[in-house]
Amino acid sequence: MDNVRRILALVLAACLAAPLACCKNSDSSAEIEIPILETSSPVYNTVKAEVGDISEKYYGEASYGVAHEMAAMFTRSGQIKEINVEINQQVKKGDVLCVLRSEDIEAQIEEARVWLKQAESTYNKLLAKGNVPATELEYARIDYELQKLNQQKLERELLQYTVTAPCDGTIVWINNRNKELNVNTKVYPDWLCKISDSSQNALSCKMLQQIDSIGYGTRVIITSTTGEYEGYVTGMYQQGDDATAQFIYEIRCDSKEVEGTNKFKVCFDVYDKKDVVLVPANAVKSIGERKFVNVLVGGVKVEQDVETGIEDGDKVEITNGLTGGEEIIINGEAED
């Protein structure tokens with residue numbers, strides 16, 4: 001009987017184990033496989049930071065004409081008594097343009113003349129008299145000299161009440177931005193008008209805006225139909241008010257006058273640098289005052305802060321941050 005029970009128990013265990021084995025096999029064969037997508041590394045458009053030369057240049061057109069301007073100045077404050085200035089007015093050097101009221105200084109001059117005449121008379125009488133103590137005669141002479149100096153000083157001051165033309169030429173600008181200049185207008189030390197000096201026939205180039213880096217002595221390459229000349233900037237002037245101003249650069253060529261038709265191409269060669277690090281101008285990014293370039297390092301894009309120097313339109317000088325040879329990303333990730 002016991003043997004029969006053991007056999008039944010073994011059969012039952014075998015029956016129970018069989019479904020479990022089947023379930024295990026079924027679970028194993030039903031596992032879900034998730035495919036892993038392989039991605040390629042991003043591809044960038046790059047260019048190497050190079051070491052080379054760069055120049056800061058500006059271009060324009062020049063012609064011969066009156067370029068040099070001189071200012072007629074108020075050298076003191078006062079009220080206008082007479083004024084004679086108009087745009088395009090032709091003037092000669094020394095022409096009176098404006099006179100300020102000078103009654104007070106004229107009264108001082110008249111009084112000084114009286115004192116001078118008296119001091120001169122006293123000194124001459126002592127000289128003629130003779131046997132005058134040397135100290136008394138010396139005091140009289142010193143007083144006479146002092147009165148002469150005072151007279152000359154007042155007469156020089158009187159000249160400051162008259163504004164005259166500093167050169168021959170044409171009035172091209174009048175300083176009446178804040179008020180009309182008429183009789184009794186109160187004025188202060190400043191320029192009254194600007195005159196194109198007709199004796200200065202120079203090569204001149206007009207620009208729509210002032211270029212800070214162009215200054216006196218800047219080298220200029222002049223190209224005409226007959227060849228190339230070298231000159232330099234000798235004057236800079238503004239024409240017109242702030243809204244419509246043009247900036248005139250006067251150019252001199254020491255070797256000879258530029259020949260050819262009276263329209264010349266000019267290049268202001270402001271600055272040259274040799275053996276500097278250069279990158280394309282569009283590679284330099286800005287956020288506020290920060291400047292940086294994207295550098296490709298081991299396939300990874302890295303932002304590198306830089307400092308820049310001069311730019312020629314296409315390339316920009318890197319003064320700090322790169323040494324040359326770096327892979328510079330210029331247009332982000334390339335399209336497929």
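Helix 2 (103-129) is part of what covers the buried residues of helix 3, where contact means heavy atoms within 4.5 Å and buried means under 20% relative accessible area, with exposed over 50% and partly exposed in between (1.4 Å probe, protein chains only). The structure is a predicted model, in which local features need pLDDT of at least 70 and side-chain atom pairs count only at pLDDT 80 or more, while totals for chains, interfaces and linings use all residues. Residues are numbered from 1 along each chain as its sequence is written, and side-chain values use heavy atoms, with hydrogens and water left out.

Helix 3 covers residues 134-159, 26 residues in all, and reaches 38 Å from its first C-alpha to its last. This is close to the 38 Å expected at 1.5 Å a residue, the expected span being 1.5 Å times one less than the number of residues. Helices (H or I, at least four residues) and strands (E, at least two) are DSSP runs, numbered from the N terminus. The buried residues of helix 3 are Ala 140, Tyr 144, Gln 147, Gln 151 and Leu 154. An α-helix has 3.6 residues a turn, so residues three or four places apart point the same way.

Two open sheets of strands were examined, with two strands taken as paired if DSSP finds at least two bridges between them. Strand 3 and strand 10 (residues 190-197) run antiparallel and are joined by 6 bridges. Within strand 10, Lys 194 stands opposite Ala 71.

Another open sheet of 4 strands has the order 7-6-4-9, also with antiparallel pairing. Its edges are formed by strand 7 (162-164) and strand 9 (186-187); each has a single partner strand, so one side of each is left without a neighbour in the sheet. Strand 4 (residues 78-83) pairs with strand 6 in the antiparallel sense over 3 bridges, and Glu 82 has Val 99 in strand 6 as its bridge partner. Strand 4 also pairs with strand 9 in the antiparallel sense, over 2 bridges. Here Gln 79 stands opposite Lys 186 in strand 9.

The largest nonpolar core has 23 residues, a nonpolar core being a set of buried Ala, Val, Leu, Ile, Met, Phe, Trp, Tyr and Cys residues joined through side-chain atoms within 4.5 Å. Leu 97, Leu 192, Cys 193 and Ile 195 touch the most other members. Strand 3, strand 6 (96-100), helix 2, strand 8 (169-174) and strand 10 each supply at least two residues of this core. Leaving aside neighbours within four places in sequence, the contacts of Leu 192 include Ala 72, Phe 74, Val 85, Leu 97 and Trp 173. A second, separate core of 21 residues includes Ala 62, Met 207, Ile 222 and Tyr 229.

A search of the whole structure finds 17 salt bridges, each defined as a side-chain nitrogen of Lys or Arg within 4 Å of a carboxyl oxygen of Asp or Glu. Lys 57 forms one with Asp 269, the closest N and O atoms being 3.9 Å apart. This pair links distant parts of the chain, since Lys 57 is in strand 2 and Asp 269 in strand 15, 212 residues apart. Lys 57 counts as partly exposed at 32% relative accessibility, whereas Asp 269 is buried at 8%. Arg 219 forms a salt bridge with Glu 230, with the closest N and O atoms 3.3 Å apart. Arg 219 lies in strand 12 (residues 219-224) and Glu 230 in strand 13 (residues 227-239), so the pair ties together parts that are 11 residues apart in sequence. Lys 57, Arg 219, Glu 230 and Asp 269 are linked in a network of salt bridges.

Glu 326, in the loop between strand 20 (315-320) and strand 21 (327-333), is buried yet has no salt bridge. The nearest side chain of opposite charge, Lys 48, is 8.4 Å away from Glu 326; Lys and Arg count as positive and Asp and Glu as negative, while His and the chain ends are not counted.
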